[in-house]
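Have the viewer open as you read.

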Amino acid sequence: MCERYALALRGHVFPSLGHRRLTDVTEDDIVTLIGSLRVAGYAGWTIRGDLTPLSRMYSHAVRRGGASYNPVKRLDYGERPRVERRQMRVLNREEIAALIDAAEGGLPADARCGGVHRLANRRAAWAHVAG
């Protein structure tokens, strides 16, 4: 997780806000950052993930007296990145069998010993349940 946070801060947050003092960043600056990431084509989940380490950094600064508030936590609901929820597709019996077959053929020989047997057992169990 630490690497993800560092990547988010270095790649997205610091280029936009890194030149500013911690106490000078406002909610409007965060909204501008969100807008620029949207324009750049980043998904809501990615933007939300970028805001997480920023918010944690501010929470730490508030607790230690380095900032008076956390501008990320002050965002209105409509200002926060929207996250699209996609409906998960359920595989049918044939698709599950094809997936297991593909996994069996694509595993290295040393991994086949333990993992493929479990996959085969799952396939047998699925055949029994799906009847």
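Is D50 buried or exposed? D50 is buried, with a relative accessible area of 0%, where buried means under 20% relative accessible area, exposed over 50% and partly exposed in between, using a 1.4 Å probe and protein chains only.

A word on the ground rules. This is a predicted model, in which local features need pLDDT of at least 70 and side-chain atom pairs count only at pLDDT 80 or more, while totals for chains, interfaces and linings use all residues. Residues are numbered from 1 along each chain as its sequence is written, and side-chain values use heavy atoms, with hydrogens and water left out.

**The overall fold**

The chain has 5 helices and 0 strands, and its pattern along the sequence reads α-α-α-α-α. Helices (H or I, at least four residues) and strands (E, at least two) are DSSP runs, numbered from the N terminus. Of the 131 residues in the chain, 24% are buried. Taking contacts between residues at least 6 apart in sequence, 57% join residues at least 24 apart; a contact means heavy atoms within 4.5 Å.

**Salt bridges**

The whole structure holds 4 salt bridges, each defined as a side-chain nitrogen of Lys or Arg within 4 Å of a carboxyl oxygen of Asp or Glu. Among them are these:

| Pair | N to O distance |
|---|---|
| D50 and R4 | 3.4 Å |
| R20 and D29 | 3.1 Å |
| R74 and E27 | 3.7 Å |

The salt bridge of D50 with R4 has D50 in helix α3 (residues 44–64) and R4 in helix α1 (residues 2–17), so the pair ties together parts that are 46 residues apart in sequence. While D50 is buried, R4 is partly exposed at 31% relative accessibility.

In the bridge between R74 and E27, R74 comes from the loop between α3 and α4 (93–106) and E27 from helix α2 (residues 27–39), 47 residues apart. R74 is partly exposed, at 47% relative accessibility.

As for the bridge between R20 and D29, R20 is partly exposed with a relative accessible area of 30%, and D29 is buried at 18%.

**A closer look at α2**

Helix α2 has 13 residues and reaches 18 Å from its first C-alpha to its last, close to the 18 Å expected at 1.5 Å a residue; the expected span is 1.5 Å times one less than the number of residues.

Which residues of α2 are buried? They are D29, I30, L33, I34 and L37. These residues cover an arc of only 145° around the axis, which puts them on the same side of α2, the arc being that of the directions from the helix axis to the C-beta atoms. An α-helix has 3.6 residues a turn, so residues three or four places apart point the same way.

The buried residues of α2 pack against α1 and α3. On the other side of the helix, D28, T32 and V39 are exposed. After α2 comes G41, whose phi is positive, near 95°.
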